[in-house]
Amino acid sequence: HEQGQFMPNDFAVFSSAAEQSAFAIGTAQLHRDAQEKRQMDIELSNAREVQRVLLPQEEPVIPGYRICGVNVPARVISGDYYDYLDLGDFKHGIAIADVSGKGVPAGLLMAMCRSSLRSVAQGLSSPAEILSAVNRQLFPDIREDMFISMALYILDERDGKVAMARAGHDPALWYR
């Protein structure tokens, strides 16, 4: 000790302190990671709830028709979307869409699609015009690797005729 040298017992004490410090640091990092995961889970749960609210809360009442939809996401948040639109003059819109990808980016794009559809639908009369207007609004803000496919049906309850337009979406099964 007098010449600045460590004794064998000193090495054991330092080694023990280093091991305990490493263990404490590791535990603190695990705790921080677990806290961040809990926070992320809460945020995803909130995002799922927001997305659930954006989907129709009740089915449209149209005499002579029974229309219903459900969305069961593969993950917490999805890019699947459907909606019912009251277009006035006894006309009802039914939209079905799918955003490429999954998770938060798809959910955000789905919310943008819903807002765009609802903002343009009231002023236009044909499904093709509505989908074209939605495309014009969304296209500038969508990354190259993302897309939305959509089908829009407009039912006229007075004569039972349905007009339909698709934007990359598979045709729906029509059952009578």
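Trainee: What is the volume of the largest pocket?

Mentor: Start with the idea. Rolling a probe the size of a water molecule over the atoms shows where empty space is left. Here, the volume of the largest pocket is about 690 Å³. A pocket is an open set of points on a 1 Å grid over the protein atoms alone, where a 1.4 Å probe fits, with protein on both sides within 12 Å along at least five of seven lines. Points are joined across faces, edges and corners, and the volume is the space filled by probe spheres set on them.

Trainee: Which residues are closest to the centre of the largest pocket?

Mentor: Ile67, Ile94, Ile96, Leu173 and Trp174, out of 24 lining residues. A lining residue has an atom within 4 Å of a point. One caution: this is a predicted model, where local features need pLDDT of at least 70 and side-chain atom pairs need 80 or more, while totals for chains, interfaces and linings use all residues. Residues are numbered from 1 along each chain as its sequence is written, and side-chain values use heavy atoms, without hydrogens or water.

Trainee: Which strands supply at least two residues each to that lining?

Mentor: β1 (80-88), β2 (91-99) and β3 (148-156). Strands (E, at least two residues) and helices (H or I, at least four) are DSSP runs, numbered from the N terminus. By class, the lining has 17 nonpolar, 3 polar and 4 charged residues. Ala, Val, Leu, Ile, Met, Phe, Trp, Tyr, Cys and Pro count as nonpolar; Asp, Glu, Lys and Arg as charged; the others, Gly among them, as polar.

Trainee: Which element gives the most to the lining of the second largest pocket?

Mentor: Helix α3 (127-138), with 4 residues. This pocket has a volume of about 260 Å³. Its lining has 13 residues, and Asn135, Leu138, Ile142, Phe147 and Ile148 lie nearest the centre. The classes are 10 nonpolar, 1 polar and 2 charged.

Trainee: In what order do the strands stand in the sheet?

Mentor: Strands of a sheet pair through backbone hydrogen bonds, either parallel or antiparallel. Here, 4 strands form an open, antiparallel sheet in the order β1-β2-β3-β4. β1 and β4 (162-167) are at the edges with a single partner strand each, so one side of each has no neighbour in the sheet. Two strands pair if DSSP finds at least two bridges between them. β1 and β2 share 8 bridges.

Trainee: How many residues lie between β1 and β2 in their hairpin?

Mentor: There are 2. Aspartate 89 has a phi near 55°, a positive value in a residue other than glycine. Phenylalanine 90 has a positive phi too, near 65°. Aspartate 89 is exposed, at 53% relative accessibility. Phenylalanine 90 is partly exposed, at 48%. The cut-offs are under 20% relative accessible area for buried, over 50% for exposed, and in between for partly exposed (1.4 Å probe, protein chains only).

Trainee: How far does helix α2 reach from its first C-alpha to its last?

Mentor: α2 (residues 103-121) reaches 27 Å with 19 residues, close to the 27 Å expected. The expected span is 1.5 Å times one less than the number of residues.

Trainee: Which residues of α2 are buried?

Mentor: An α-helix has 3.6 residues a turn, so residues three or four places apart point the same way. In α2, the buried residues include Ala106, Leu109, Met110, Cys113, Leu117 and Val120.

Trainee: Is arginine 66 buried or exposed?

Mentor: Exposed, with a relative accessible area of 79%. Arginine 66 sits in the loop between α1 (8-54) and β1.
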